[in-house]
Amino acid sequence: MSAHQHPHEEQDFLFKYVFSQDHKMISKQFLITGFIMGFIGLSMSTLFRLQLGFPGESFWIIDFLLGSWAENGVMLPDKYLALVTMHGTIMVFFLLTAGLSGTFSNLLIPLQIGARDMASGFLNMLSYWFFFVSSVIMLISLGVEGGAASAGWTIYPPLSALPQSIPGSGLGMTLWLVSMAIFIASSLLGSLNYIVTILNLRTKGMTMTRLPLTIWSFLITAIVGVISFPVLLAAALLLVFDRSFGTSFYLSDIYIGGQVLEHSGGSPILFEHLFWFLGHPEVYIVLLPALGITSEIVSTMSRKPIFGYRAMITSMLAIGFLSAIVWGHHMFVTGMNPFLGAVFTFTTLLIAIPSAVKVFNYITTLWKGNIKFSPAMLFSIGLVSTFISGGLTGLILGDSALDINVHDTYFVVGHFHIVMGLSGIFGMIAGVYHWFPKLFGRMLNNKLGNLHFWITIVSSYGIFFPMHFLGLAGVPRRYYTNSEFPLFDNLLDINTLITWFAILAFAGQLIFFFNFVYSALRGPKAPQNPWKANSLEWTTGVKHIHGNWPGEIPAVYRWPYDYSKVNENGDYVTGEDFIPQIVPLGEGELDGGGH
Amino acid sequence: MIALVAIVAVLLVIATAVQILKIAELRATESGKEIYEISAKQSKAQAFLLMVFLVAYFGFFAWQVWKWGGLMLPVSASEHGVGIDKLMNITLWFIIPVFIITHIFLFWFSYKYSFSETRKALFFSHSNKLEMFWTIIPSIALTVLILVGLSNWNKIMTPVASEQEHILIEVYGQQFSWTARYAGKDGKLGRASVEYIEGVNALGIDVSDENAKDDKIVKGEFHLPVGVPVQFVFRSQDVLHSAYMPHFRAQMNCVPGLKTQFNFIPTITTEEMKKITNNENFEYILLCNKICGAAHYNMQMDIIVESKEDFEKWLAEQKEFSAE
């Protein structure tokens, strides 16, 4: 008997924790892999901040961690660029795309729409393992001869195409391209699954206008991803052809390393178009899930319906649509036809309208609420703040005439780190605090969570706000040091200050990682519905079971935002300040924000 | 050894933290509550901190403007740059108030409506009037910004008319230096191609081209006359570079295989700018602003703006291409 059972149990372990097809397990796999990658990306930025804040000074930690990438405790100039490139790639794709969407789309789509699992559990599993393999390849590229890719996360050719131009464009760049191709496959498998699941597997009564905004944001994100990621794959493949098979899609008239290259007739601008056709929607692939997550949290913790549910959906649709036709604002000074510059200025500034609507709706949701400040709620408020602070400077960069002088300066670095980096990461962290009970069946510690929030928001503004001033002083990004220019001499203090804040930010995240690991293993057991929320995921048990609901999947009778709904006498309709979606409508009661 | 001590220290810190958390959880359970429950008092404390943060955030903003405002780029040294600066000011006058007002509302509401056991939240799910209001207002503001922005853009990007008096300069980028080439008396730049690059002829100029003979090539620094339109043409030898001249509000990428262009009229000489910035050593610079390799951070060329007479005298001293 036992001899018969033994291999069976082993298989169980392997298929339960490793090759799982259960969306909840896959969600945790995405989260943990994403966080490990994120931690690596964060550490890289802290290291190169040391170089920028204290140029040329020797640090044992740099010697210790970077090995041959440094000399006497100072990193080498081209390896500085490798760190910058890998930091960008890891943060944008591995943490904020796969880590964010992979975690929360997987966790919440089946749970919130009332489905047993994803439409295809097998594709879902493949999506994670493609992501895992691409992560591993990306990390391996750090150790190859010549170093990791060093052409910036945007990998513009010819720099990325020619190993003669920078050592990182050798094997490191090849692995970058292979890793990203696999990553894109992962992302597409995931996105297709999300779309099909949302459209086909909603439970009885779950109409599109009863979906939580999280689900809407995941749906729009997935559609944007399916449209734009294949274009990056095409761009990457053509670059592989140029690098390895002598084609000339992006290369022409080049003299390097003492010889004329045979490439003729290509243009780097073609690559820029293809890259940004993904690259800009990518910003919204990061942002939209974060906005969806925080909409849900702000409403739940304010004990109020999200204000303007339909306007929120409409603005996300508008953002999703516009995101596909604004990519040229990254190319105002590339030599692209100035007429196109004018068109892209127009479409770009239009995005401010739905974004403004979202901000005002968030703020109105808070108005006359009854707000409980959980760490998730604090991070959500933080997101609204970063979304405003970073979004507004987009009006400067999106305006082609103004972009001329701040293009590629630290102004841009400050802008996109606040509006996309911080908003994305705040949304993701808020989601982790909020749905930790659903992920691990335990609660995170609130005091450590609050401390984490305060350190994070103070240090992140301390890092990125001064960068706008550097940019307005004309400091270009991706400079190993500013000490070669007398013009920038008196800006060193700003850089030193930024670096101190970066070290503080790093320390703050250690608190979070400790809280995360401790609580996942030893934290207090979670109740079924800790935040008294309406959506369906809180009707499932704390302990994960395959299929999510033990019996029938519950039917849905109302939208998910019936918080603090009162009758004519001013009393709560059900005696409590929330009415879960599974509660049938009372007599004469209107659904979806009707009174 | 140090690493070992560090690891032990970290482990001790973690162990202590775990114990403290355990104690806190036990104490909470003894008082009949769970540690993760958020009381009205705790919520209020965070709300108060949010207000403190709001004040600190504005304070930090003001402090930066006061402390670093003087380190920003000085007034524009080109004609179109004045327009750009004006547009920048208009935009800032729009976004800074929006930044301040939305933040005040965001944090004030957070503070004011922090959790209380006795209050009920207002069930307020939508208002078409409000939503129309804050769709239309930004739309109008953006229309203004777009119109002003595009009129500037179109003016800036229009090349200098060939019949107008102007100077034609080619700026050539390579890893990791800049070269400038003046068109010479004929006002025409000689043909160039990578095939002709050899030895000192780094720009690949076709020596058989008549137009090339009077071209003048300079390195290290190049001069511009004040008040005369300068038409720039940009080329690159190897990878992408970007010719960034921040004081003139000018930037354009240098693309292998493609000629790009930009033009401006310098309005302030180097000497005048030294007085304006109160800096004896002030120089205008051209720097690279597109990642181009290991020494990207040090790819620069000085620009001297001087009177037309001084400029012509300087240019006359430069050797013609055919003389090299």
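1. Chain A has 595 residues and a radius of gyration of 25 Å, which agrees with the value near 25 Å for a compact globule. The radius is taken over C-alpha atoms, and the globule rule is 2.2 Å times the number of residues to the power 0.38. The C-alpha atoms of chain A fill a box of roughly 80 × 65 × 45 Å along the principal axes.

2. A note on the source. This is a predicted model, in which local features need pLDDT of at least 70 and side-chain atom pairs count only at pLDDT 80 or more, while totals for chains, interfaces and linings use all residues. Residues are numbered from 1 along each chain as its sequence is written, with chains lettered from A and ligands numbered from 1 in the order in which they are written. The predictor gives the complex an ipTM of 0.95 and a pTM of 0.95. Chain B averages a pLDDT (the predictor's confidence in each residue, from 0 to 100) of 93, and 100% of its residues score at least 70.

3. Chain A holds 16 helices and 4 strands. These are DSSP runs numbered from the N terminus: helices are H or I with at least four residues, strands E with at least two. In chain A, 63% of the 595 residues count as buried. Buried means 20 or more other C-beta atoms within 10 Å of the residue's own; exposed means 12 or fewer; partly exposed lies in between; C-beta atoms are placed from the backbone. Of the contacts in chain A with a separation of 6 or more, 80% involve residues 24 or more positions apart. A contact needs C-beta atoms, placed from the backbone, within 7 Å.

4. The largest nonpolar core has 271 residues. Such a core is a set of buried Ala, Val, Leu, Ile, Met, Phe, Trp, Tyr and Cys residues joined through C-beta atoms within 7 Å. Helix α4 of chain A (residues 77-113) gives the most to this core, 21 residues. L219(A), A290(A), F379(A) and A430(A) have the most contacts inside the core. Beyond its neighbours within four places in sequence, A430(A) touches residues including I293(A), I297(A), F379(A) and L383(A).

5. L199(A) makes a contrast. It sits in helix α6 (residues 171-200) of chain A. L199(A) counts as exposed, because it has 12 C-beta neighbours inside 10 Å. A311(A) is 112 residues from L199(A) in sequence and 21 Å away in space, C-alpha to C-alpha.

6. Chain B is more spread out than a compact globule, because its radius of gyration is 30 Å, well over the 20 Å that the rule gives for 324 residues. Its C-alpha atoms fill a box of roughly 95 × 65 × 40 Å along the principal axes. The chain has 6 helices and 10 strands. Of its 324 residues, 38% count as buried.

7. Strand β8 (residues 260-264) of chain B is largely enclosed by the rest of the structure, because 4 of its 5 residues are buried. Strand β5 (residues 230-236) of chain B runs antiparallel to β8(B), and 5 bridges join them. Pairing requires at least two DSSP bridges between two strands. V233(B) has Q261(B) in β8(B) as its bridge partner.

8. Now the interface. Contacts link 97 residues of chain B with 104 residues of chain A. α4(B) gives the most to the side of chain B that touches chain A, with 15 residues. That side has 58 nonpolar, 30 polar and 9 charged residues. Here Ala, Val, Leu, Ile, Met, Phe, Trp, Tyr, Cys and Pro count as nonpolar, Asp, Glu, Lys and Arg as charged, and the others, Gly among them, as polar.

Methods
Contact = placed C-beta atoms within 7 Å.
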